[in-house]
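Reader: I am new to protein structures. Could you walk me through one, feature by feature?

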Amino acid sequence: MAAAWFTRSRNIADYLKRKTGFFFRPSPTSTVSGYSSRSRNSPTRLCSWRFESTIAQTLLDSDSDYDYSRLQNDDHQGLDFPGGRVMFTSEMQFIPGYPPHRVPCYHVLNNNGQPNMITSFEQVSKEIGVKMYSEMVTLQIMDTIFYEAQRQGRISFYLTSAGEEAIAIASAAALSPHDIVMPQYREPGVLLWRGFTLQEFANQCFGNKADYGKGRQMPIHYGSNKLNYFTVSSPIATQLPQAVGAAYSLKMDNKDACVVAYIGDGATSEGDFHASLNFAAVMEAPVVFLCRNNGWAISTPVSQQFRSDGIVVKGPAYGIQSIRVDGNDALAVYNAVHAARQMAVLEQRPILVEALTYRVGHHSTSDDSTKYRPVDEIKNWEMGQNPVNRFRKWVERIGWWNEEDESQLRSSVRKQLLQAIQVAEKMEKPPLADMFSDVYDVPPSILVEQEQQLRETIKRHPQDYPSDVPL
């Protein structure tokens with residue numbers, strides 16, 4: 001009976017292999033004439049080719065070479081189970097839900113800009129160091145002016161990176177331009193580093209015809225194909241499964257690059273976060289998950305989000321190497337992300353980085369954070385843990401920066417930004433037709449109908465529609 005079944009299965013295997021690329025892998029001890037104990041424990045496997053997993057192959061090889069007769073003799077010592085041998089214990093123990101000591105935080109610079117002498121870190125060049133500081137200041141000024149523009153009613157929405165400038169800028173400095181960025185929404189610093197101009201930022205926030213999104217997105221939903229920066233999407237954590245898929249495609253094409261997916265602590269409460277970490281670990285995708293743990297998911301503190309020791313401990317649960325870093329220390333972030341990127345690309349594996357920081361500003365222009373957290377707490381972080389001030393002290397200490405440089409930079413950035421806003425504000429809006437384009441190659445009849453109805457409504461009530469939108 002078994003011989004007849006196996007003969008038929010070989011015919012099916014040959015057919016599937018020819019037609020679909022699927023193949024059967026019979027267990028090594030199985031034969032057409034006999035049905036061994038190995039066959040019963042490890043039945044014929046149906047497999048499909050995917051990009052080779054060295055870890056999975058090692059497990060398969062060790063599995064196929066294992067002497068299953070040992071199970072009868074060693075069952076009092078352990079259990080051979082997928083993933084490796086599990087040892088038995090006579091003592092009933094539950095794994096603690098919370099460790100006795102919190103995971104330490106990698107740190108290079110103290111608040112006075114002095115390096116910790118026992119910390120190992122890679123020194124950045126003067127060019128990189130000065131650019132990092134300059135972009136942090138630029139981001140700071142950009143946030144202040146755009147926030148004011150929203151309060152004046154000139155743009156509809158904005159959110160700042162106040163208190164978190166070091167994470168975006170320093171991580172961007174540690175990446176390759178070929179690395180793909182999947183942002184959340186508090187990462188304009190990455191775009192700044194890669195060359196997105198102040199005019200391009202202004203065009204997007206004002207939604208004019210030069211905006212790459214053609215005015216169809218909220219302000220701060222930036223994107224750039226040229227700079228490998230996917231467009232921001234409002235729903236939280238939806239970019240994470242996409243990041244893993246994109247990283248796997250880089251792996252299949254043997255690209256010397258990885259994907260970096262940015263999230264906040266609130267995103268770790270979404271199912272997409274957990275599915276993506278597991279997906280990345282199993283597929284060995286070269287992706288770096290960079291979580292900005294700023295203590296608050298809008299008005300929800302981390303104490304109401306999870307009981308674990310932050311986010312860093314979630315990585316090992318999925319088989320992912322992880323690190324916790326001081327997010328207000330630009331040098332620490334640079335070094336941690338630089339090392340994470342190397343591991344992701346060279347070892348073809350996912351990495352989780354948790355950057356501890358604090359959101360000094362309100363969540364957005366739609367929020368008033370003083371309603372749910374003490375003003376003293378905000379001020380303490382703003383003054384005592386300011387990442388921009390800390391890095392300035394360091395570049396000044398080693399002679400790369402001075403007060404004159406500071407004054408010139410701030411004056412220049414402010415002038416450029418105000419001019420960019422004037423240009424963006426006066427520029428014509430995208431035409432009405434752009435509301436209905438770029439989704440379907442041939443628009444369906446219902447979409448054509450909607451456009452016609454909209455145009456007819458505008459003709460009947462022209463006073464109710466903006467005059468600066470070309471029809």
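Author: Start with the surface. Accessible areas come from the Shrake-Rupley method with a 1.4 Å probe. This is a predicted model. The accessible surface of its protein chain comes to about 25000 Å². Carbon and sulfur atoms hold 54% of that surface.

Reader: How many helices and strands does the protein chain have?

Author: The protein chain has 16 helices and 11 strands.

Reader: What share of the residues is buried?

Author: Buried means under 20% relative accessible area. Of the 471 residues in the protein chain, 44% are buried.

Reader: And contacts? What share of those with a separation of 6 or more joins residues 24 or more positions apart?

Author: A contact means heavy atoms within 4.5 Å. Among contacts in the protein chain with a separation of 6 or more, 71% join residues 24 or more positions apart.

Reader: Let me try a single residue. Where does glutamine 348 lie?

Author: Glutamine 348 is in the loop between helix H12 (330-346) and strand E11 (351-356).

Reader: Is glutamine 348 buried or exposed?

Author: Compare its value with the cut-off. Buried means under 20%. Glutamine 348 has a relative accessible area of 19%, so this residue counts as buried. Its side chain reaches the backbone oxygen of valine 345 at 2.7 Å. Leaving out residues up to four places away in sequence, glutamine 348 touches Lys251, Glu284, Pro286 and Met343.

Reader: Now rings. How many aromatic pairs does the structure hold?

Author: The structure holds 10 aromatic pairs. One of them joins phenylalanine 196 and tyrosine 222. Their centres are 6.2 Å apart, with 65 degrees between the planes. Planes over 60 degrees apart count as edge-to-face, and this pair is edge-to-face.

Reader: Which parts of the chain does that pair tie together?

Author: Phenylalanine 196 lies in the loop between helix H7 (188-194) and helix H8 (198-206). Tyrosine 222 lies in the loop between H8 and helix H9 (239-252). The pair therefore ties together parts that are 26 residues apart in sequence. Phenylalanine 196 is buried, at 4% relative accessible area. Tyrosine 222 is buried too, at 2%.

Reader: What makes the pair of tyrosine 358 and tryptophan 381 stacked?

Author: Look at the angle. Planes under 30 degrees apart count as stacked. The ring planes of tyrosine 358 and tryptophan 381 are at 10 degrees, so this pair is stacked. The ring centres are 5.0 Å apart. Tyrosine 358 sits in the loop between E11 and helix H13 (375-384), and tryptophan 381 in helix H13. The pair ties together parts that are 23 residues apart in sequence. Tyrosine 358 is buried at 5%, whereas tryptophan 381 is partly exposed at 28%.

Reader: Which residues do ring pairs link into a cluster?

Author: The cluster holds Phe196, Phe201, Tyr212 and Tyr222.

Reader: Which ring does the charged end of lysine 131 sit over?

Author: Lysine 131 has its charged end over the ring of tryptophan 193, 4.1 Å from the ring centre.

Reader: What about disulfides? How many are there?

Author: A disulfide is a covalent bond between the sulfur atoms of two cysteines. The count here is 0 disulfides.

Reader: One last residue. Where is aspartate 468 found?

Author: Aspartate 468 is in the segment after helix H16 (445-460). Its relative accessible area is 41%, and aspartate 468 is partly exposed. Beyond its neighbours within four places in sequence, aspartate 468 contacts Glu428 and Lys429. Its C-alpha atom is 9.2 Å from that of proline 431, 37 residues apart along the chain.

Note on methods. Residues are numbered from 1 along each chain as its sequence is written. This is a predicted model: local features need pLDDT of at least 70, side-chain atom pairs count only at pLDDT 80 or more; totals for chains, interfaces and linings use all residues. Side-chain values use heavy atoms; hydrogens and water are left out. Helices (H or I, at least four residues) and strands (E, at least two) are DSSP runs, numbered from the N terminus. Buried means under 20% relative accessible area, exposed over 50%, partly exposed in between (1.4 Å probe, protein chains only). A polar contact is a pair of N or O atoms within 3.5 Å; within protein, one must be able to donate a hydrogen and the other to accept it, and residues adjacent in sequence count only if both atoms are side-chain atoms. Rings of Phe, Tyr and Trp (its six-membered ring) pair if their centres lie within 6.5 Å; planes under 30 degrees apart count as stacked, over 60 as edge-to-face and the rest as tilted. A charge sits over a ring if NZ of Lys or CZ of Arg is within 6 Å of the ring centre and within 35 degrees of the ring normal. A disulfide is a pair of cysteine sulfur atoms within 2.5 Å.
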